[in-house]
Amino acid sequence: MLIGITGLHGAGKSYFCNTIPPKFGFKVFSKKLELSRIYKAKTDRDDWENWYRREYKRDPKKITEFILLSIRNDENVIFDAVHSPVEWHVIKEHFPNAELAEVITPNLIRLQRITKQDIEKDKERIKHWHSENGCLLSEVGWSFNGAASKELNEKSFKEFVDFIKQKERKENDKADLTL
């Protein structure tokens, strides 16, 4: 099972990914850490962000497919973070049962967590969410609140995983009926 996470800067995506899903047996896949690791191994340098932006502009599908190479189909993975419809469509091609969730946080709280640079980056992120490739937010099937208690988000995550499993059982039952 793969669950992608999206949201604005300071929403609490990484905190959520690193604290809640591992309690339920999920491996955390940090796109940022994976890109840093790959670039460091290839170049022995740490300035991966410019390389990624350049590669993403050149061919977003190819760079996303490259990132996905280190995720196995038989793992439960939380993917931190999905930022465009292109990324999400590539993920869905490789993991057809993947689900997308958003971490939202009231703006007043989020603004206390971020810098002016993050505010500018969010303007670009929102453009990526709503592009000629579709609207990423229309793909979101669940949400978590980055300002809610850990206990509440744990309960919500458990309900989300139960929902996904129930959905998969129904799909498997339908497939069995057609055989």
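Let me begin with a question: is glutamate 99 buried or exposed? Glutamate 99 is buried, since its relative accessible area is 10%. Here buried means under 20% relative accessible area, exposed means over 50%, and partly exposed lies in between, with a 1.4 Å probe and protein chains only.

A word on the source. This is a predicted model, in which local features need pLDDT of at least 70 and side-chain atom pairs count only at pLDDT 80 or more, while totals for chains, interfaces and linings use all residues. Residues are numbered from 1 along each chain as its sequence is written, and side-chain values use heavy atoms, with hydrogens and water left out.

I turn now to the salt bridges. A salt bridge is a side-chain nitrogen of Lys or Arg within 4 Å of a carboxyl oxygen of Asp or Glu. The structure contains 13 of them.

Glutamate 99 takes part in one, with lysine 167, at 2.4 Å from N to O. Glutamate 99 belongs to strand 4 (residues 99–104) and lysine 167 to helix 8, so this pair ties together parts that are 68 residues apart in sequence. Helices (H or I, at least four residues) and strands (E, at least two) are DSSP runs, numbered from the N terminus. Lysine 167 counts as partly exposed, at 32% relative accessibility.

Another salt bridge joins glutamate 154 and lysine 23, whose closest N and O atoms are 2.6 Å apart. This pair links distant parts of the chain, 131 residues apart: glutamate 154 is in helix 8 (residues 150–178), and lysine 23 is in the loop between helix 1 (13–19) and strand 2 (27–30). Lysine 23 counts as exposed because its relative accessibility is 51%.

A further salt bridge connects arginine 72 with aspartate 74, at 3.0 Å from N to O. Arginine 72 is partly exposed at 48% relative accessibility, whereas aspartate 74 is exposed at 59%. Both belong to a network of salt bridges that links Lys27, Arg72, Asp74 and Glu75.

Finally, I come to helix packing. Helix 4 (residues 60–68) and helix 5 (residues 85–94) pack at an angle of about 50 degrees, with their axes 9 Å apart. Axes are lines fitted to C-alpha atoms, for helices over the stretch in contact (heavy atoms within 4.5 Å), and angles run from 0 to 180 degrees between N-to-C directions. Residues making the contact include Leu68 of helix 4 and Val90 of helix 5. Thank you for your attention.
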